[in-house]
Amino acid sequence: MARSKFVYVTYIRTTPEKLWSALTDAEFMRQYWFGTHCDSQWTPGSPWKMVYSDGTITDAGEVIEAAPPGRLVIRWQHQKRPELKAEGDSICTMELEQIGTAVKLSITHTIECEPSKLIEAVSGGWPKILSNLKSLLETGSIALSGKE
Amino acid sequence: MAESDDTDLLFKALADPSRRKLLDLLHAHDGRTLSELCKHLDMTRQGVTQHLDALQAANMVTTVRRGREKLHFLNPVPLQEIYERWIAKFEKPRLKALSDLKKRLEKSNG
């Protein structure tokens with residue numbers, strides 16, 4: 001079956017532990033994710049949901065793999081827009097790897113359909129989120145604030 | 001690596017028509033092998049490899065292994081940083097203009 005996929009990579013001057021907590025801590029997440037955060041126990045099999053600033057659940061699924069501070073895999077299904085929900089589950093993999101004084105963060109998002117509206121929707125958002133995350137961890141402040 | 005080194009690598013990578021063509025090819029269709037990319041460029045396989053290496057060094061292209069193949073993906077994150085550095089601040093007035101326009105039009109409706 002055809003699949004849609006993207007791979008985004010950023011190098012952040014921090015430690016894998018700090019980056020892991022930035023990716024899993026709700027309070028921290030809200031700062032660089034435009035008010036959105038993810039809710040989970042972050043252990044394999046635990047439910048996962050993405051919550052918009054007004055409390056709406058936009059995406060939900062479960063944690064498939066969690067090996068702090070190196071690898072996190074989430075089964076991810078959109079909930080709000082019917083045409084995106086109909087595409088079913090996607091898989092989002094986050095990999096953290098220490099390279100010199102920086103951490104290489106790779107985000108891979110895959111879905112078993114082509115073309116995919118979900119991949120189209122999330123691929124526009126990730127660069128902004130990653131860029132904000134990098135800026136927040138390296139300088140203590142975000143580059144973009146407010147809504148897109 | 002210092003911030004200025006990252007930026008130098010990025011602009012050097014962009015300062016070549018063949019490398020920009022490679023980015024265009026990946027933008028049109030992601031996840032391609034070296035052989036697929038070579039079909040679109042009039043140069044040796046080795047030449048294409050060198051250009052891809054420069055793009056990878058600048059973090060504009062990332063690769064994923066699939067069996068014996070290596071798939072290339074466009075990574076727009078460094079460009080997002082450039083965008084935020086010089087362009088994003090001009091967005092706010094535009095967004096404000098749109099929201100003002102919406103308010104005015106909706107007011108005249110009711």
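Author: The hairpin of E1(B) and E2(B) has 2 residues between its strands, and within this hairpin B:Gly67 takes a positive phi near 60°. The model is a predicted one, and the values given here are to be read with that in mind. Strand E1 of chain B covers residues 61-66 and strand E2 of chain B covers residues 69-74, and the two pair in the antiparallel sense over 6 bridges.

Elsewhere in chain B, two helices cross. Helix H2 (residues 17-28) and helix H4 (residues 45-57) of chain B have axes that come within 10 Å and cross at roughly 75°, and H2(B) and H4(B) are therefore roughly perpendicular to each other. From H2(B), the residues B:Ser18, B:Arg19, B:Leu22 and B:Leu23 take part in the contact, and they meet B:Val48, B:His51, B:Leu52, B:Ala54 and B:Leu55 of H4(B). Sorted by class, this contact of H2(B) with H4(B) has 6 nonpolar, 2 polar and 1 charged residues.

A further helix of chain B leads across to the other chain. The axis of helix H5 of chain B (residues 77-86) and that of helix H4 of chain A (residues 117-139) come within 9 Å and cross at roughly 70°, which means that H4(A) is roughly perpendicular to H5(B). On the side of H4(A) the residues are A:Pro127, A:Lys128, A:Leu130, A:Ser131 and A:Lys134, and these meet B:Val77, B:Gln80, B:Glu81 and B:Glu84 in H5(B). The residues of the contact of H4(A) with H5(B) divide into 3 nonpolar, 2 polar and 4 charged.

In chain A, 7 strands form an open sheet, in the order E1-E7-E6-E5-E4-E3-E2, and their pairing is antiparallel. Strand E1 (4-12) and strand E2 (37-40) are the edge strands of this sheet in chain A, each of them pairing on one side only, and the twist averages 25° from one strand to the next. Within the sheet, strand E6 (residues 90-99) and strand E7 (residues 102-111) of chain A run antiparallel and are joined by 10 bridges, and the bridge partner of A:Ile99 in E7(A) is A:Ala102.

The peptide bond from A:Pro68 to A:Pro69 is cis, with omega near -5°, and A:Pro69 lies in the loop between strand E4 (57-67) and E5 of chain A. A cis peptide bond also joins A:Glu114 and A:Pro115, with omega about -5°, and A:Pro115 lies in the loop between E7 and H4 of chain A. In the loop between H2 and E2 of chain A is A:Phe34, a residue that has a positive phi of about 55° although it is not a glycine.

Finally, there are the contacts between side chains. A:Arg30 forms a salt bridge with A:Glu27, and the closest N and O atoms of this pair are 2.3 Å apart. Both A:Arg30 and A:Glu27 lie in helix H2 (residues 26-32) of chain A, where they are 3 residues apart, about one turn of the helix. Over all chains, the count comes to 11 salt bridges, while a search of the whole structure finds 6 aromatic pairs. Ring pairs link A:Phe28, A:Tyr32, A:Trp33, A:Trp48, A:Trp76 and A:Trp126 into a cluster.

Terms used:
Residues are numbered from 1 along each chain as its sequence is written. Chains are lettered from A and ligands numbered from 1 in the order in which they are written. This is a predicted model: local features need pLDDT of at least 70, side-chain atom pairs count only at pLDDT 80 or more; totals for chains, interfaces and linings use all residues. Side-chain values use heavy atoms; hydrogens and water are left out. Axes are lines fitted to C-alpha atoms, for helices over the stretch in contact, and angles run from 0 to 180 degrees between N-to-C directions. Helices (H or I, at least four residues) and strands (E, at least two) are DSSP runs, numbered from the N terminus. Angles under 35 degrees count as roughly parallel, over 145 as roughly antiparallel, 65 to 115 as roughly perpendicular and the rest as oblique. Contact means heavy atoms within 4.5 Å. Ala, Val, Leu, Ile, Met, Phe, Trp, Tyr, Cys and Pro count as nonpolar, Asp, Glu, Lys and Arg as charged, and the others, Gly among them, as polar. Two strands pair if DSSP finds at least two bridges between them. Rings of Phe, Tyr and Trp (its six-membered ring) pair if their centres lie within 6.5 Å; planes under 30 degrees apart count as stacked, over 60 as edge-to-face and the rest as tilted. A salt bridge is a side-chain nitrogen of Lys or Arg within 4 Å of a carboxyl oxygen of Asp or Glu.
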